[in-house]
Amino acid sequence: MNASAFNPRAWLGGLRDRVSNWRGQHGEGHGALPVRDRINILAQPSKVMGFDQSLVWVVLSLLALGLIMVYSASIALPDSPKFAKYTPTYFFHRHLFFLILSIMVAAVVTQIPLSTWERVAPWLFVLSLLLLMLVLIPHVGKGVNGARRWLPLGVMNFQPSELAKLAITLYAADYMVRKMEVKERFFRAVAPMAVAVAVVGLLLLAEPDMGAFMVIAVIAMSILFLGGVNGRMFFLITAVLVGAFALMVSLSPWRRERIFAYLDPWDEKNALGKAYQLTHSLIAFGRGEIFGEGLGSSLEKLHYLPEAHTDFLLAVIGEELGFIGVAIVIGAFFWLVRRLFHIGRQAIALDRVFSGLVAQGVGVWMGGQAFINMGVNLGVLPTKGLTLPLMSYGGSGVMLNCIALAIVLRVDIENRQLMRGGRA
């Protein structure tokens, strides 16, 4: 049709006639056009929830199971002269207080934007270094079993190495964002981060706390790798770290003895010495078999297995809840780590590299520490003083775990805001 011959009034009149005919054929009366001019959005459930509810429920389930097992593992401790002044519910009430406080702090942390964490990441790292130095000062840091790792704060003994894990996660993610353009150049991209990790490592080995240093090194290395550092550089750094750990073990007589005891735990000398915890942990798993002895029925927690409510909580779970209970715990941690990595990949896909690396770094933290703790309990790895995240007794450990997961939950909230067309 020729554009010059187009008559708008005639076209609208024809449209009105066609609509009238349609309404007459379908029995409709006169009135407005048969289309919706508004939709009640509030009446329709949103397909994109405000936060990851499944993540929250899995974390709360692990916290709840940890509380129950800490109570079961510690209820008999007052029978020992070392804990004679405590009531049977002392550790249960303390751990419950830590959980309530941690959940309240985590709820506040979810309100803090990731941009704020990116801005304060270097300063938080500096603060963690200062606290790691402070804990080494005599009469300031608190020593337990020959290790000086805690700062007494009244309501709890704060462990700076737990803050260092969060600080290195945030700092490494921020570092990779700033060094993204030179990530292929070793001395400009990797060397400064290696120096930072080395400083943290020296402070932790002075406590000593080699387990925490291993976790921090794995977190930093993983974030560098996930941030796109050249693969050859990554394997070179890995080789250097493995060599450094081997050198530390070879130069430390008591670490060498622990390795030899791990290789042959049932030797009489080892079973009564450096492998004492490991052998009793394995006995606990053996007694539990498939379905366990029943909640509260562990014998190894009756002063046979040291640190049953902290480092060796999984052994008590294995004895009382059996293979089924241990499998559920392992499955929950596997799902948790997988979900954290999914949130991180989603953030990176939305061009939020810092947020994505933080989420994946927390996933490495939770998965790596859980793997080491489980490996130690099961005799797969040499004995190391690392707690099971979210579950073992401890104030600063549980609190920093909850804070780290709250930050990831905030990453997920901001991801969903962006996907709905909003602003993070």
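I first noted the rule for ring pairs: rings of Phe, Tyr and Trp (its six-membered ring) pair if their centres lie within 6.5 Å, with planes under 30 degrees apart counting as stacked, over 60 as edge-to-face and the rest as tilted. I am working from a predicted model, where local features need pLDDT of at least 70 and side-chain atom pairs count only at pLDDT 80 or more, while totals for chains, interfaces and linings use all residues. Residues are numbered from 1 along each chain as its sequence is written, and side-chain values use heavy atoms, with hydrogens and water left out.

Looking up the rings, I found that ring pairs join Phe 83, Tyr 86, Tyr 90, Phe 91, Phe 97, Phe 98 and Tyr 393 into a cluster. By the ring rule I count 11 aromatic pairs.

I then looked up burial, where buried means under 20% relative accessible area, exposed over 50% and partly exposed in between (1.4 Å probe, protein chains only). Tyr 71 is partly exposed at 30%, and Phe 92 is partly exposed at 22%. For Tyr 86 and Phe 91, the ring centres are 5.7 Å apart and the planes stand at 75°, so this pair is edge-to-face. Tyr 86 is partly exposed at 24% relative accessibility, whereas Phe 91 is buried at 6%.
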